[in-house]
Amino acid sequence: MMLILGGFALSHAQQNYAVEGTVQDFHDKTRLENAVVKIGNFSARTGKNGTFSFSSIPAGKYTLTATHPDCNDYTENIAVTKDVHLAITLEHHIQDIETVTIHGSHKNNGSLVVKTLDKSDIERNSTENLGNLLTKISGVSALKTGNNISKPIIHGLYGSRISILNNGVRLAEQEWGVEHAPNVDVNHFQHIDVIKGASALKYGSDAIGGVVVLEPEVFPKKDTIKGSVNLSGISNGKGLSLDADVARIWKNGWAVKTGGSIKKLGDQHAPDYNLMNTGMDFSSFNFTVQNNTYERGISFDYYLTNQNIGIYRGSHVGNNEDFYNATTSKIPVYTGNFSYDIDNPKQVIEHHIAKVSAFKRFENIGKVSATYSYQFNHRQEYDIRRGDLKDLPSLDLELMTHQFNLNDLLERGKFSLETGIDASFQNNYSDPATKARRLIPNYDKYAAGIYSVFKYKISHDFNVEAGARYDFTRYDVTKWYDKSDWEQRYADAYPQFYVKTDQNRILTRPQLNYSNFSFNAGLEYRPDAGFDLKFNYARTGRTPNIAELFSDGLHHSASVIEIGDMGLKNEQGLQFNLTADARFNVLKGLNVSVNPYLFITKNFINEVPTGVQNTIRGVFPVWSYQQIDATMYGVDLDVNLKLTNDLAYIGRGSYVYGQDNTHNVPLILMMPPNFSNALQFNKENWNHLYVTLENQTFLRQNRFPVYNATVPVYNNGEEVERTVDLSTPPDRYSLWNIQAGISITKNLSAGLIVNNVFDVSYRNYLNRMRFFADEAGRNFILNFRYRF
């Protein structure tokens with residue numbers, strides 16, 4: 001009897017139960033395959049459907065662990081007293097936080113057309129400004145005022161039609177100016193993405209040309225100190241550049257990073273002469289402190305840039321005859337000797353960004369993010385002035401911008417839904433102490449937008465998406481008009497804006513409201529790893545910017561007189577973008593990418609030359625804003641052929657066609673057809689040696705409108721009319737460039753760039769200084785970078 005009772009008790013104590021369950025992603029609920037679940041000494045692995053099971057676990061208390069290669073480990077104490085079903089959620093995609101080579105923003109681009117410059121591209125070209133650097137991407141060119149002032153053009157569109165995001169903050173910096181370069185230091189960022197076209201509605205509906213996204217480093221979760229110092233010498237301009245950064249990182253997600261750079265250049269030189277007053281001083285500083293885990297994070301960031309940029313002296317002339325000679329002479333009048341002095345005309349710009357952002361992931365509603373930023377932009381432009389006015393800026397603008405964004409991203413196995421709201425307030429103060437006519441008036445700008453983007457995975461091969469956005473913009477402007485201009489242009493149409501008359505001037509208070517509704521639809525088809533097809537359609541709307549509406553006077557550093565039009569309406573457009581990426585088994589691998597696009601727009605705002613005006617400060621072309629219907633289309637091509645394990649051919653080309661349908665003439669300032677061919681040699685086991693030989697060819701732009709002007713000049717004592725050619729593009733040109741680098745030690749590397757190897761004399765159609773001088777000549781750039 002004792003043996004029987006003892007056996008019954010023992011069998012009861014060792015009773016077994018079944019334990020089963022699922023392992024799924026924390027935020028999108030997808031089931032995770034190959035997760036290992038352990039209960040005590042028992043182990044199981046999940047199958048394709050994310051399920052696991054233990055058929056016989058003895059009753060008792062256990063520690064359960066679940067692990068997955070891409071997730072944080074999961075641990076839980078459980079009691080097995082009956083059959084148990086468990087639902088385990090892991091923090092999947094944790095590598096998005098811990099890697100810098102696979103960016104979180106890249107994991108689901110959908111139908112967006114995105115090209116990226118990674119950290120190696122940035123470091124190898126650390127002395128370049130953003131506009132010049134982005135020209136290494138097909139379909140992207142630069143609108144220039146000399147070589148130090150450069151702003152990106154994407155598919156023929158620039159200015160307010162391009163959004164530039166600095167770590168999630170849209171730059172607000174008087175970007176309407178053709179010679180207002182972006183106030184960023186490219187060395188602060190880990191990678192730069194260019195989104196072509198108007199499909200990225202979350203960044204704003206007016207970015208119909210595209211978006212430039214500058215992303216900082218994502219820190220690994222480990223205890224370390226890291227940083228780098230880079231010193232560069234620049235031959236053309238006899239300059240130096242120094243940039244440095246250091247970061248302290250903790251395993252618990254905290255990180256502090258600071259960095260900065262300085263660059264000093266003197267006068268640059270063309271192959272045959274010195275370019276007088278083309279030096280620059282540049283400095284920047286950045287600081288961030290953050291605490292980020294996968295589930296939550298908070299960050300404070302601050303960026304500062306200071307620029308003092310000389311404007312080529314030969315672009316400012318005093319009378320009609322000098323202006324005519326300046327635009328027709330092969331050798332400019334103003335060459336002078338090399339100097340580091342930066343005299344008038346010049347730009348002095350100071351730009352601050354302060355940002356605080358936070359996010360938290362919720363199991364049911366997704367990732368919620370909030371960002372507030374404050375920007376202050378102080379722009380001063382100095383003209384050639386005499387006496388007491390010499391040290392007084394001719395244009396002095398202070399722009400303050402507040403921006404707020406609230407965003408929610410809900411991800412599930414088959415779909416994602418991103419919804420957000422934007423709000424901003426902007427105040428511009430144009431200082432009257434300049435004693436010059438104010439080009440841009442004082443104004444307040446109120447803007448708000450709401451957007452939603454839905455993406456759905458129909459099958460393994462096929463994804464679709466759709467998005468919509470509504471924006472409201474209000475301008476509240478205080479502006480003085482000349483009495484004759486007001487009465488001739490606006491008195492009858494806008495009598496409600498009249499405030500008072502003061503002698504021959506009219507004070508007005510325009511208050512203008514604009515609404516825009518935009519949407520896009522796209523698809524992505526990827527039948528296998530060797531082919532990817534993307535198509536995107538967008539209906540766009542853009543509000544006129546403040547310069548297009550109210551410019552009125554001499555834009556000093558652009559060397560033009562600009563005239564706005566308060567009657568401009570919203571731009572409306574239809575945009576189609578197609579991208580086909582294919583990979584072939586040719587030699588060691590061939591990648592080909594083709595991107596055709598079409599843009600049909602109504603009420604397109606176009607700025608064109610409309611004459612020449614003689615002022616007390618000299619003679620300048622007059623450029624006026626007008627509204628037209630237009631069509632633009634083109635194609636970008638990228639080819640990458642790996643010839644051997646160490647040698648590759650890299651080619652790219654772009655063509656854009658622009659037509660003013662209203663006047664039946666070509667659009668002005670369209671990028672000429674161009675192509676680049678390069679051979680790149682990389683040998684990792686030769687101390688990371690790389691050598692790139694590149695040829696860039698720009699064909700002559702044969703499609704251009706004629707907007708020439710006539711000026712009176714004296715010939716043998718008689719006044720005659722001469723035609724100033726403001727239209728004809730320069731001839732084609734071809735440039736050779738070399739880039740090489742090697743690791744000297746484990747931490748020290750060196751690089752060499754030679755641009756325009758053969759010192760070719762040429763002029764760039766998209767450089768506003770082409771009327772007065774050649775482009776800069778050959779340039780050697782030697783840099784040494786130390787990492788720790």
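I began with V19, whose bridge partner in β7 is V84. The model is predicted, so I kept to its limits: local features need pLDDT of at least 70, side-chain atom pairs count only at pLDDT 80 or more, and totals for chains, interfaces and linings use all residues. Residues are numbered from 1 along each chain as its sequence is written, and side-chain values use heavy atoms, with hydrogens and water left out.

**Entry 1**

I noted how elements are named. Helices (H or I, at least four residues) and strands (E, at least two) are DSSP runs, numbered from the N terminus. Two strands pair if DSSP finds at least two bridges between them.

I then looked up β1, residues 16–25. Strand β1 pairs with β7 in the parallel sense, over seven bridges. Both belong to an open sheet of three strands, in the order β4-β1-β7, with mixed pairing. Which strands are at the edges? They are β4 (51–58) and β7 (84–90), and each pairs on one side only. Neighbouring strands here are turned by 25 degrees against each other on average, direction ignored. For that angle, axes are lines fitted to C-alpha atoms (for helices over the stretch in contact), and angles run from 0 to 180 degrees between N-to-C directions.

Strands of a sheet pair through backbone hydrogen bonds, either parallel or antiparallel.

**Entry 1: β19, β20 and β21**

Next I followed an antiparallel run. Strand β19 (residues 296–310) is joined to β20 by 15 bridges, and the two run antiparallel. Across that pairing, Y302 stands opposite A354 in β20. I moved on from A354. A354 also stands opposite Y374 in β21. Strand β21 covers residues 366–382, and β20 pairs with β21 in the antiparallel sense over 17 bridges. How many residues make the hairpin link between β20 and β21? The hairpin goes through three residues.

I checked which residues of α5 are buried. Buried means under 20% relative accessible area, exposed over 50%, partly exposed in between (1.4 Å probe, protein chains only). In α5 the buried residues are N320, F323, A326 and T327. Seen down the axis of α5, they fall within an arc of 125 degrees, so they line one face of the helix. The arc is that of the directions from the helix axis to the C-beta atoms. An α-helix has 3.6 residues a turn, so residues three or four places apart point the same way.

The loop between α5 (320–328) and β20 (346–362) holds G336. G336 is partly exposed, with a relative accessible area of 41%. From G336 to Y382 I found 20 Å between C-alpha atoms, at 46 residues apart along the chain. P345 is found in the loop between α5 and β20 as well. The peptide bond from N344 to P345 is cis, with omega near 0 degrees.

**Entry 2: positive phi**

I looked for residues other than glycine with a positive phi. N277 has a phi of about 65 degrees. N277 is in the loop between β17 (254–265) and β18 (280–292). Is N277 buried or exposed? N277 is buried, at a relative accessible area of 5%.

H688 has a phi near 55 degrees. H688 lies in the loop between β37 (674–683) and β38. At 44% relative accessibility, H688 counts as partly exposed.

E694 is in strand β38, residues 689–698. E694 is buried, with a relative accessible area of 12%. A polar contact of 2.9 Å joins the side chains of E694 and S676. I noted the term: a pair of N or O atoms within 3.5 Å; within protein, one must be able to donate a hydrogen and the other to accept it, and residues adjacent in sequence count only if both atoms are side-chain atoms.

L417 is in strand β23, residues 415–430. L417 is partly exposed, at 31% relative accessible area. Leaving aside neighbours within four places in sequence, L417 is in contact (heavy atoms within 4.5 Å) with residues including D408, L410 and V453. L417 and A466 are 49 residues apart in sequence and 9.9 Å apart in space, C-alpha to C-alpha.
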